[in-house]
Amino acid sequence: MSDSIYSNLKQLGGDTIVPQSPEEAELERVQNPQADVAYNVRFTAPEFTSLCPMTGQPDFAHLVIDYVPGDWLVESKSLKLFLTSFRNHGAFHEDCTVSIARRLADFLEPKWLRIGGYWYPRGGIPIDVFWQTGPMPEGVWIPDQGVPPYRGRG
């Protein structure tokens with residue numbers, strides 16, 4: 001790549017190595033070329049997987065991450081690898097969801113960020129986890145996350 005806002009990226013265009021843990025995962029960011037405009041970015045991970053820390057069995061979630069960028073955008077491949085690193089990671093639903101959001105918020109310093117973690121039932125009980133950095137910003141269109149509440153057979 002030529003010398004640009006993308007020249008420091010390391011994970012694009014090469015072999016993909018899945019990090020063994022979220023701590024090992026390297027998030028990457030690029031300068032926001034539209035930093036003078038307030039807009040929402042949404043990432044949806046409908047097949048997020050982690051492990052139960054007690055049983056080692058897989059847990060599955062549909063994650064929706066919305067953020068209003070400041071000076072930085074997250075590079076999507078690095079985000080995908082970060083989320084994939086949870087496949088070998090044991091943590092409860094609440095810890096996974098909030099840890100992802102806090103890491104992104106700390107790394108990107110967005111104007112605003114929220115995450116919805118819609119976890120599939122284990123033992124008959126779905127767990128939904130929501131977190132955000134503060135009040136929703138005015139003047140930015142932020143649609144509903146579009147994930148219906150769990151209804152079981154109903």
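A disulfide is a pair of cysteine sulfur atoms within 2.5 Å. A search of the whole structure finds zero of them. Cysteine 52, for instance, is in no disulfide, and the nearest cysteine sulfur, that of cysteine 96, is 10 Å away. Seen from the other end, cysteine 96 has its closest cysteine sulfur in cysteine 52, and those 10 Å are too far for a bond.

Before going on, keep in mind that this is a predicted model, where local features need pLDDT of at least 70, side-chain atom pairs count only at pLDDT 80 or more, and totals for chains, interfaces and linings use all residues. Residues are numbered from 1 along each chain as its sequence is written, and side-chain values use heavy atoms, with hydrogens and water left out.

Are these cysteines buried or exposed? Buried means under 20% relative accessible area, exposed over 50%, and partly exposed in between (1.4 Å probe, protein chains only). Cysteine 52 has 13% relative accessibility, so it counts as buried. Cysteine 96, at 1%, counts as buried too.

An α-helix has 3.6 residues a turn, so residues three or four places apart point the same way. After α2 comes glutamate 109, with a positive phi near 50 degrees.

How values were computed: Helices (H or I, at least four residues) and strands (E, at least two) are DSSP runs, numbered from the N terminus.
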